[in-house]
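Open the structure in your viewer and keep the selection tool at hand. The tour below goes stop by stop.

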Amino acid sequence: MKIYKAKDYADMSRKAANIISAQIIMKPECVLGLATGSTPVGLYKQLVEWYKKGDLDFSAVKTINLDEYKGLSQDNDQSYYYFMHDNLFNHVDINEENVHIPTVSNDHLEDDCKTYNDMLNKVTIDLQLLGIGGNGHIGFNEPGTDFNSKTHYVDLKESTIKDNARLFFNGDEDAVPKQAISMGIQNIMDAKSVVLIACGKNKEDAVKGMIEGPVTPELPASVLQNHKDVTVIIDKAAAALLEKEY
């Protein structure tokens, strides 16, 4: 596991964008696993800026998103379909046929999971981007998730709902969906390489456990200690509890 400490959010975003852009340049037809939430917004802005300068070409890139909420339509501005198009896809030359985000039909969640997992079984993710939840979740793989899990539907923990409420109108916890579909931990671990980004004091406990704690399903991100190619980019606040020098 390679650990890089960034000066601040902007520095973290640039460092992560550099790694992703290098992947695209070296392999134009690469498969990128993508994440949502507030943490990668700056990274996506940087990729869009470089695309507009002519430095990046997304025309052959394939993308696979980690997760999607249950109960939100694609045009809902809190859906991850909307997020990805608003922050990245609408601003670059990606082929919509190469974009993969879980479809959540609400009434057939098991079928939706199987369809997504069947798609994942046919590809290899070259680089998987991750954030980390305050409780250590990656994707929506909450504490207690089996490390062998594949795409599944999830009952979100109260801590996750509270964390995500800030992204909804007036911070309304009642507006946050209580279920989602997520790639499983095994799907994530199957990626050739992983880049995880984290910032802020509210992530310091999870980052500490992920890097220096025991590998346990109670902190899902700790499984990344077992992956052969993981890069972690964190700001000073998220790194505050680390005991070793990196």
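What follows is a short walk through a predicted model, from a helix to the cysteines to a sheet.

**Stop 1: helix α1.** Select residues 9–26. This is helix α1, with 18 residues. At 1.5 Å a residue it should span 26 Å, and its end C-alpha atoms are 26 Å apart, so expectation and model agree. Now go to the start of α1. A side-chain oxygen of D8 comes to within 3.3 Å of the backbone nitrogen of A10.

**Stop 2: the buried residues of α1.** Which residues of α1 are buried? Select D11, M12, S13, A16, A17, I20, S21, Q23 and I24. Next, show what covers them. The cover includes the strands β1 (2–6), β2 (31–34), β6 (127–130), β9 (193–198) and β10 (230–235). It also includes α2 (41–52).

Stop 3: Select C30. Is C30 buried or exposed? It is buried, with a relative accessible area of 0%. Move to C199. At 18% relative accessibility, C199 counts as buried too, because the cut-off is under 20%. A search for disulfides across the whole structure finds zero.

**Stop 4: a three-stranded sheet.** Select β4, β8 and β7. They form an open, antiparallel sheet in the order β4-β8-β7. β4 (67–69) and β7 (152–155) stand at the edges. Each has a single partner strand, so one side of each is left without a neighbour in the sheet. On average, neighbouring strands here are turned by 25 degrees against each other, direction ignored.

Finish on the pairing of β7 with β8 (residues 179–182): antiparallel, over four bridges. Pick V154 and look across to A180, its bridge partner in β8.

Notes. Residues are numbered from 1 along each chain as its sequence is written. This is a predicted model: local features need pLDDT of at least 70, side-chain atom pairs count only at pLDDT 80 or more; totals for chains, interfaces and linings use all residues. Side-chain values use heavy atoms; hydrogens and water are left out. Helices (H or I, at least four residues) and strands (E, at least two) are DSSP runs, numbered from the N terminus. The expected span of a helix is 1.5 Å times one less than its number of residues. Buried means under 20% relative accessible area, exposed over 50%, partly exposed in between (1.4 Å probe, protein chains only). Contact means heavy atoms within 4.5 Å. A polar contact is a pair of N or O atoms within 3.5 Å; within protein, one must be able to donate a hydrogen and the other to accept it, and residues adjacent in sequence count only if both atoms are side-chain atoms. A disulfide is a pair of cysteine sulfur atoms within 2.5 Å. Two strands pair if DSSP finds at least two bridges between them. Axes are lines fitted to C-alpha atoms, for helices over the stretch in contact, and angles run from 0 to 180 degrees between N-to-C directions.
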